[in-house]
Amino acid sequence: MTTTQVPDTYGRFGSFGGRYVPETLMNALYELEEAYNRYKDDPDFLAEVRYLLKQYSGRPTPLYYAERLTEHLGGAKIYLKREDLNHTGAHKINNTIGQAVLAKRMGKKKIIAETGAGQHGVASATVAALLGLECKVFMGEEDTKRQALNVFRMKLLGAEVVPVTSGTRTLKDACNETLRYWVSHVDDTYYILGSVTGPHPYPMMVRDFQRVIGLETKDQIIEAEGRLPDVIVAAVGGGSNAMGIFHPFVGDTSVRLIGVEAAGRGVDTDKHAATMTKGTPGVFQGSMSYVLQDEGGQVQEAHSISAGLDYPGIGPEHAYLKDIKRAEYVPITDAEALDALQLLSRKEGIIPALESAHAVAHTLKLAPTLPKDQTIVINLSGRGDKDVESIIGYLGGDLP
Amino acid sequence: MSTVTANAIDTVFAELGAKGETALIPFLTMGDPDLDTSVKLIAAAEAAGAHMIELGVPYSDPLADGPVIQRASERALRHRISLTDCIGVASKARAAGVRMPFILFTYFNPALQLGLERFFALLQEHGFSGVIIPDLPLEEDAEVRGIAERTGVHLIPLVAPTSEARVERIASQAKGFVYCVSSLGVTGVRADFHAGIDQFLATVRRASSVPICVGFGISSREQAERFAGVADGVIVGSAIVRQVETSLPPEALADAERTKAGLAEVQAFIADLKPRKSETA
């Protein structure tokens, strides 16, 4: 399949992607791309990244057969790719390890990052501490309130957290502010972008650093089942955990790839983050992709119970996979995600992150419709500890 | 169908060049505090001595802009100002007697959603001479450039101190003028410019066959005069937008006297920015 050859030299995935940024950043993007191309096949660089993934983050993460959940649903066999067992509790660290090692090779001493739920911020602050880099994390003021624990965690790790008060005060504006800061400090600062979004080369590079999820899954499912899975389900906000698990399977056309986006209070309300279901192509934060926008091209506010999915854009390669019909994208509401979170907690003793709960929720609908000899892999991208406080807010302090 | 006539930006620079003067190019966010006041502000800018003007389209995600223009955009978007509204301001300003060239400043997505052919047709219809799209670098501008050339609207490119080898490619293809970004960073008032600014401007000058103008961070006559000898024009944005914020807050509009006084304050501020003397480069 030709899909493995994207992006082209302009950073295009079909008609999506590209580099729509102020001129001030263009050479920095080329410098980054050159450095990445130089190191991505360099044995020393790869050895350092692999060492840290294994000894520091605990990879490979298990592919766990969720037997009780499978029995409960009475359909396809369900496996969980346990990215929640990574150091810092989510898949985000796969990317921050790769980029921080790259930043160091490029001679950069300062890193910056944006964060929504705080997972990417924590993962960035963590690798900054590990590699002795100075770290600033930009976070929407609204999110600093929703995720106060992660703010404190980042500070414990020695990072500076900069609350963003512009625009919607959430992830979208944290991204804008990080880019603005980078424009001003591009001489000595490396921007660790946290998802498969933004201008080229980020969507390609972050995908490559997250591919380890899919590569491990492939080996593990073949070991467990002797064949490829039938379906892979993953939550998409910007889309990094989904792209990480999807990408090694893109050429395996028998494997259905399903991205689950946040429908918030419903795709027919104005409170959702269902970029693929309700968005249209546009240019947002450095690349062409699907965007939630009004008819005049103003980007709209997204809503989700999950701060990590609360984003009006999506990575350009996802837009491409949707358009060539290689992947499907479906919406899941806040309420469905909350139900799924509770069910997985009770059936398997695993409290998933609210982001990952969206993937679980779609699986609850899908698994009973499939025969028992089929397999579904859910990318369980993060653990739910960070969300417990907001879940209390939604469910009330006392459970039945 | 009009025949090809000289672009008004080129004409103004030719006249200023003959007199050895530096162009003063203000920037205003359209719709801040409202569209009618934008028309009056444009007239005030011309009365203050502006030679051409950038009309800024408010956008939800103004990546290249600092806090002052972000706030202006937020104020304007509160009453749902669209790209076509902003373009329409030009015709209203012409009807009010404004003669200087108009340049539209917009992020790419609103133009893309309108449709690029329709966008340029409207720019032509409403008498724009140029357009600046800050998030459309050389690598992405092929389609826009083609339509711009066909319609005779100048696509004015930006170059930055970090552009280095790109300066040659950008400046050699430029139409209208080359917009030189004075410093690393977003728009906004600042005390210092990039350390290598003069060398950077000299590099752009060598590569460019059109005039060069400096913007980002110019907020006083002293700063404007500092560039008068080395550039053909100075662009002042945030400092003026901040003056609009102070002199014409939305609540002032209900009071005709206060509005009049506010317009006079902005006009005086712009007049005071004009370089008093200029040297030839």
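This is a predicted model: local features need pLDDT of at least 70, side-chain atom pairs count only at pLDDT 80 or more; totals for chains, interfaces and linings use all residues.
Let me begin with the place where the chains meet. On the side of chain B, 36 residues are in contact with 36 residues of chain A. The size of an interface is often given as the accessible area lost when the parts come together. Here chain B and chain A bury about 2,800 Å² between them, and 49% of that area is on carbon and sulfur atoms. Within chain B, the residues that lose the most area to chain A are Asp61(B), Leu63(B) and Glu140(B), which together account for 22% of what that side buries.

What kinds of polar link join the two chains? Between chain B and chain A the count is three salt bridges, and one of them pairs Arg166(B) with Glu23(A), with the closest N and O atoms 2.8 Å apart. Across this interface there are also 23 residue pairs in polar contact. If you look for the elements of chain B that give two or more residues to the side touching chain A, you will find α3 (67-78), α5 (108-114), β6 (158-159) and α8 (166-173), and it is α5(B) that gives the most, with five residues. By type, the residues on that side of chain B divide into 20 nonpolar, seven polar and nine charged.

I turn now to empty space. Rolling a probe the size of a water molecule over the atoms shows where empty space is left. The largest pocket holds about 1,100 Å³ of space, and 42 residues line it, with Asp294(A), Gln298(A), Val299(A), Gln300(A) and Glu301(A) lying nearest its centre. The elements that give two or more residues to this lining are α6 (141-146) and α8 (171-184) of chain A, together with α3 of chain B. Its lining residues divide into nine nonpolar, 19 polar and 14 charged.

Finally, the backbone. Most residues other than glycine have a negative phi, and most peptide bonds are trans. In chain A, however, the bond joining His200(A) and Pro201(A) is cis, with omega about 10°, and Pro201(A) sits in the loop between β8 (189-191) and α9 (202-225). In chain B, the peptide bond from Asp32(B) to Pro33(B) is cis, with omega near 5°, and Pro33(B) lies in the loop between β1 (23-29) and α2 (35-47). Lys325(A), although not a glycine, has a positive phi of about 60°, and you will find Lys325(A) in the loop between α12 (316-323) and β13 (327-333) of chain A.

How values were computed. Residues are numbered from 1 along each chain as its sequence is written. Chains are lettered from A and ligands numbered from 1 in the order in which they are written. Side-chain values use heavy atoms; hydrogens and water are left out. Contact means heavy atoms within 4.5 Å. Buried area is the accessible area (1.4 Å probe) that two parts lose on being put together, summed over both. A salt bridge is a side-chain nitrogen of Lys or Arg within 4 Å of a carboxyl oxygen of Asp or Glu. A polar contact is a pair of N or O atoms within 3.5 Å; within protein, one must be able to donate a hydrogen and the other to accept it, and residues adjacent in sequence count only if both atoms are side-chain atoms. Helices (H or I, at least four residues) and strands (E, at least two) are DSSP runs, numbered from the N terminus. Ala, Val, Leu, Ile, Met, Phe, Trp, Tyr, Cys and Pro count as nonpolar, Asp, Glu, Lys and Arg as charged, and the others, Gly among them, as polar. On a 1 Å grid over the protein atoms alone, a cavity is a set of points where a 1.4 Å probe fits but cannot get out, and a pocket is an open set with protein on both sides within 12 Å along at least five of seven lines; lining residues have an atom within 4 Å of a point. Grid points are joined across faces, edges and corners, and a volume is the space filled by probe spheres set on the points.
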